[in-house]
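I opened this entry to keep track of what I looked up.

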Amino acid sequence: MKKTGILFSVVALLFFITGCKNESDNYIDPRGTDYAGSESCIQCHKVQYETAFHSSHFKATSPASKENILGHFTNGHNTFVYDKNTTLVMEERNDSLYQVLYKNGKEIEAYPFDILFGTKHAQTSAFWKNHTTYELPISYYKSLNNWATSPGYPANAANFTREIPKDCYACHSSNIAGSFVTTSSDQVKGMAMETEPFLNKKTLVYGIDCERCHGPAKQHVQTHLEFPDLKNKPQSIVSFKNLTRQQRLDACALCHSGNDKLKMKSRFQFKPGDNITDYFRATHASNDSIHFDVHGNQLGLLAQSKCFQKSATMDCMTCHNPHADASQNLVSYSKICMSCHQDLKHNATTLKNSSELLLADNCVACHMPKQMSNAITFQLSKSKQKSNYVLRTHKIGIYPGNKK
C-alpha cells in the first residue's frame with residue numbers, strides 16, 4: 001500500500017512537471033515564429049497587461065462584438081437622416097450589427113460592422129468585401145453621444161465605397177498582410193488586367209499589442225520561464241529604459257508624427273530601437289509647422305515647445321504611461337509641469353481671473369488648450385454644418401487669452 005502511494009506521487013509529480021510548459025509554444029502568430037502573442041505576457045506582467053488591455057492602444061482596432069462597439073442601436077437613437085427619403089439605420093440582426101440604407105422605407109443595402117477603429121474619442125467601423133475593408137459611412141462620437149458622418153464621407157448621400165488601405169492598419173493594428181491580386185477587367189475580359197489590393201483577414205493582429213512596442217517576445221518568454229531568477233534582468237526583449245531619448249521618441253513618432261512624410265518602408269517592419277529616418281523621409285509639407293494638425297502630429301507640436309527644446313530628457317513618456325490611456329485628471333499633469341516650473345509666477349492680469357492655487361492645478365488647460373482638427377470633420381444628421389474633431393494640442397506655450 002505504501003509503495004502504491006509513493007508510485008502515485010511520482011506519477012503525479014511527473015504529470016505536473018510535463019504539464020508545466022510554455023503555452024506560447026502552441027501559439028502561432030501571423031508575424032512569425034519569433035512572436036509569442038501578448039497573452040503570454042500575463043504570466044509575469046499581469047498588472048501591465050491588464051491595464052494595457054483596456055487602453056486605446058490595445059483597442060485601436062478590435063472585433064465588432066457587442067462588448068466592444070460604441071453607439072446606440074435602439075429606435076430613436078440609431079438613425080441618420082440624409083434627406084426626407086433616405087436614412088441609414090444601425091440595426092442588430094441575428095446577433096450581428098449592421099448599417100442599413102433605406103430609401104422611401106425600402107431596404108437598399110446592408111453592411112455589417114466587422115472591424116472597429118478607435119474607442120477613446122470616437123469609433124469608426126469597417127466591413128470586409130472581396131479581401132478589402134471599406135469604411136462604413138456613419139461613426140460614433142463620444143463627445144456628441146451620437147452618430148455622425150465618418151471621416152471623408154458626406155452628409156447628403158450614403159455610399160459604402162471608401163477603402164481602408166493597409167497603411168491605416170499600420171497605426172491601428174499590430175499586423176496585417178497585404179498583397180495584390182490580378183483580375184480580369186470588366187471592359188476587356190480576358191485581355192486587360194487590373195490589380196486590386198488584397199488584405200488577408202487571418203493575419204490581422206488587433207490593436208497595438210505588447211510586441212508591437214517591445215519587439216518579438218518568444219525567446220524572452222522561453223528564457224524567463226526557464227530561468228525565473230532573471231526577472232530583474234530582462235532578456236531578449238526591448239526595454240524602453242535602455243533606449244536613447246531619440247529611440248524612445250521614434251517609437252512613438254511611428255504613428256504620432258503625422259502621415260505627410262515620404263514612406264520608404266512599411267510601419268509594420270519597424271522595431272523599437274530602429275531609426276525612423278530609415279522608414280520615412282521628411283517632405284516640405286511635413287516641415288511646415290504652421291499646418292501641423294492637432295490630430296496627427298503630436299510629436300511635431302511637442303518638438304516646437306520650449307519645454308521640450310530646453311530639456312535633454314523629456315519625451316512622450318515624461319507625461320504619458322503607454323500602457324494606459326491619458327489621465328483625465330489635469331492635476332496629474334500639473335505636477336509634472338511644476339517639477340520644473342515651481343518658482344514661476346503668473347502676472348496680475350492672469351491672477352484676476354483665477355487664483356494662483358487653481359492655476360497651479362490646471363497648467364495644461366491654459367498652456368495645452370483643446371483645438372479643432374482640420375484633418376477630421378463630421379456632420380450630424382439633418383445638419384449642413386461641419387463640425388471639427390477637438391483634441392488637446394501638444395504644443396506647450398502661451399496662447400491668446402491665456403497670457404501669464
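I am working with a predicted model, where local features need pLDDT of at least 70, side-chain atom pairs count only at pLDDT 80 or more, and totals for chains, interfaces and linings use all residues. Residues are numbered from 1 along each chain as its sequence is written, and side-chain values use heavy atoms, with hydrogens and water left out.

Cysteines. I looked for disulfides (a pair of cysteine sulfur atoms within 2.5 Å) and found 1 in the structure. The disulfide links Cys171 and Cys255, with an S to S distance of 2.4 Å. I read a torsion of about -100° about its S-S bond, so the disulfide is left-handed. Cys171 sits in helix α3 (residues 166-172) and Cys255 in helix α6 (residues 245-256), so the pair ties together parts 84 residues apart in sequence. Helices here are DSSP runs of H or I with at least four residues, strands are runs of E with at least two, and both are numbered from the N terminus.

Cys171 has a relative accessible area of 21% and Cys255 one of 25%. Both count as partly exposed, which means between buried (under 20%) and exposed (over 50%), with a 1.4 Å probe and protein chains only.

Cys252 is in no disulfide; its nearest cysteine sulfur, that of Cys316, is 3.8 Å away. Cys337 is in no disulfide either, with the sulfur of Cys363 nearest at 4.3 Å.
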